[in-house]
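Here are my notes for when you open this one up.

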Amino acid sequence: MNGQAKGGSWIIRVSAIFALLTLLGAMAVSLYLLVDPHNRAQQEDELQALHRQLDDVNRRIEQLQQPVQPSDKAAAAAFERDLKQHELLLTELRSERGQAEDRIKYASDLLKEVKETEDRTRSAAASFLGIFGALAALLLGQNYWQFRGWKEAADQSLEEIKGVQPDIDIIRATRRTLENRLPKYIQDVQHDLVELKLSAGPAVAKMHEIDHLAYLSNTEMRFKEKRTADEATQYLLSLLEAARGHVFQKTYYGAGYRLQEFFHIMQQHPDAVTSSDKAKAHSTRAFVYYKLLAQISSAPSWIRDLRSGEADQLRQLAFAELKKAQECDGNWARSYFVEALLYSRQYVPERVKGQQKDDMFLEGQRKAILIYQGLITRGAATLETGVWQNLACCLKRVADISGQKSDYESFKTELNKFPTDQQVRQASVESGRPETEEVFVWQSTLQDEELFGKVDKINRDDYRSFWEGLLDNKVKLRKWRDDLAEIKKTAGSKMTGWVL
């Protein structure tokens with residue numbers, strides 16, 4: 001770097017000196033041409049030619065004025081005859097001499113005037129050129145010192161760059177590490193994480209790492225204006241996993257910001273991620289809207305009234321995102337699961353009251369039931385065990401609100417179709433997924449307040465008896481009564497008065 005700086009300084013100095021010498025040489029030549037009188041020769045030659053012509057005329061006049069004596073009478077007679085002609089010729093020569101003198105006088109005056117004008121012009125031009133040369137030399141000197149200042153600043157900048165070179169090396173090493181490790185983090189999270197459920201600690205920790213590396217601290221990746229296809233893919237997948245991490249941590253606004261960035265970048269690189277990843281992003285965004293809507297619906301009535309417009313907008317956005325998810329990938333079960341959640345829990349707007357509210361609520365439950373049953377038919381419930389529990393809750397709500405025996409019988413019939421805990425475990429093993437707490441679907445059901453907190457139009461004793469027989473048939477690997485006692489002991493007074 002120092003060698004380059006010295007080479008640049010030498011070039012600047014040589015260039016400045018060469019420019020100065022060129023300017024001085026041009027000034028000297030110009031001054032020489034201005035004061036050199038050789039360009040007056042043509043006018044002086046013309047004047048000398050007029051003088052020679054005048055001398056010639058004078059000589060001829062003098063010759064004609066010489067007295068001539070005739071030698072005899074015959075010559076005298078000839079002389080007399082030619083005298084008149086001689087006088088005429090002499091008169092013409094004298095007239096010619098007068099004209100020549102007038103032309104000489106005019107040419108002399110004109111030449112004198114031209115010389116005076118030329119002298120004044122040359123003097124003014126010489127003065128102007130001298131002043132211009134002085135100013136040019138001053139400006140050139142100023143530029144030289146300015147170039148020198150730039151050179152010193154450049155040297156200082158190079159020294160500063162040299163000082164931060166170790167930091168640059170660290171940044172480059174970090175970038176290489178990021179390029180190697182971030183895809184592995186994403187792959188691990190996608191493999192280990194159970195969507196929208198409580199996940200293993202390592203997966204959440206890796207999500208935080210992804211969020212930190214790709215969104216929070218890496219300004220180069222986050223604010224980069226132009227990306228290659230590989231860079232866009234890596235950043236989009238990082239944003240998606242970071243958003244899911246915030247969903248698990250229940251920081252829904254944080255998840256929303258990551259998803260907003262995801263869709264912004266995806267517009268610039270529509271082919272950077274697969275249709276399945278797009279469906280995953282849309283369904284995750286819909287779930288975020290669902291949870292924000294749930295926060296509003298659980299607030300006091302005066303807050304719900306205040307935010308009713310926001311709740312309506314969130315509901316519309318959630319259904320729109322689910323439609324987009326299903327258009328991207330119709331086989332993505334998560335979008336249907338979230339759609340069922342919306343119908344069963346957040347389908348009725350706050351402004352709907354009275355019987356219309358009850359009718360609309362039942363309509364939402366029945367829509368959700370159809371979706372859950374469709375997921376079970378497709379085998380998606382083996383990957384999302386919450387489908388069975390949610391379906392049981394929807395069927396129970398319909399039976400308990402309507403009071404119809406047919407609805408209660410449908411509830412019983414559907415729950416009798418549910419798999420045993422042994423079948424759930426086997427399905428998890430066959431899917432190749434690691435065994436998690438999700439296999440304990442019946443133990444999770446025992447803690448559901450919606451199912452056992454209270455009953456209204458359903459007979460309480462019959463309901464308890466049905467569940468006891470159902471659990472005896474479905475729970476094979478454990479003793480459900482012992483598990484229930486442990487659950488109640490942990491919950492304390494919360495489960496007092498429950499049906500079971």
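1. His246 counts as buried because its relative accessibility is 16%, where buried means under 20% relative accessible area, exposed over 50% and partly exposed in between (1.4 Å probe, protein chains only). You'll find His246 in helix H6, residues 229–248; helices here are DSSP runs of H or I with at least four residues, strands are E runs of at least two, and both are numbered from the N terminus. Leaving out residues up to four places away in sequence, His246 touches Asp211, Thr251, Gly254, Ala255 and Arg258, with contact meaning heavy atoms within 4.5 Å.

2. A word on the source before going on. This is a predicted model, in which local features need pLDDT of at least 70 and side-chain atom pairs count only at pLDDT 80 or more, while totals for chains, interfaces and linings use all residues. Residues are numbered from 1 along each chain as its sequence is written, and side-chain values use heavy atoms, with hydrogens and water left out.

3. On to the salt bridges: there are 16 of them, each being a side-chain nitrogen of Lys or Arg within 4 Å of a carboxyl oxygen of Asp or Glu. Take Arg304 and Glu350, whose closest N and O atoms are 3.2 Å apart. Arg304 sits in helix H9 (residues 301–306) and Glu350 in the loop between H11 and H12, so this pair ties together parts that are 46 residues apart in sequence. Both ends get some solvent: Arg304 is partly exposed at 21% relative accessibility, and Glu350 is partly exposed at 24%.

4. Have a look at helix H10 too, where Lys324 and Glu321 lie 3 residues apart, about one turn of the helix. Their salt bridge has its closest N and O atoms 4.0 Å apart. Lys324 is partly exposed at 39% relative accessibility, whereas Glu321 is buried with a relative accessible area of 5%. Arg285 joins in as well, linked with Glu321 and Lys324 in a network of salt bridges.

5. How far apart are the closest N and O atoms of Arg478 and Asp483? They are 2.8 Å apart in this salt bridge. Arg478 is partly exposed, with a relative accessible area of 44%, but Asp483 is buried at 7%.

6. Now the rings. The count is 13 aromatic pairs; rings of Phe, Tyr and Trp (its six-membered ring) pair if their centres lie within 6.5 Å, and planes under 30 degrees apart count as stacked, over 60 as edge-to-face and the rest as tilted. Phe262 and Phe263 make an edge-to-face pair, 5.3 Å centre to centre with 90° between the planes. Both of these Phe residues are buried.

7. Phe411 and Tyr463 are stacked instead, at 5.9 Å centre to centre and 25° between the planes. Phe411 belongs to helix H14 (residues 405–416) and Tyr463 to helix H18 (residues 460–474), so the pair ties together parts that are 52 residues apart in sequence. Phe411 is buried at 0% relative accessibility, and Tyr463 is buried at 0% too. Zoom out and you'll see one aromatic cluster made of Tyr408, Phe411, Phe452, Tyr463, Phe466 and Trp467.

8. On a 1 Å grid over the protein atoms alone, a cavity is a set of points where a 1.4 Å probe fits but cannot get out; a pocket is an open set with protein on both sides within 12 Å along at least five of seven lines; lining residues have an atom within 4 Å of a point. Grid points are joined across faces, edges and corners, and a volume is the space filled by probe spheres set on the points.

9. The second largest cavity has a volume of about 60 Å³. Its lining includes Trp388, Phe418, Trp442 and Trp467, and H13 and helix H16 (441–446) each give two or more residues to it. By class, that lining has 7 nonpolar, 2 polar and no charged residues.

10. The second largest pocket has about 790 Å³ of space. It is lined by 30 residues, and the closest to its centre are Ser344, Arg345, Lys357, Phe361 and Arg397. H13 gives the most to this lining, with 4 residues. The classes here are 10 nonpolar, 5 polar and 15 charged, where Ala, Val, Leu, Ile, Met, Phe, Trp, Tyr, Cys and Pro count as nonpolar, Asp, Glu, Lys and Arg as charged, and the others, Gly among them, as polar.
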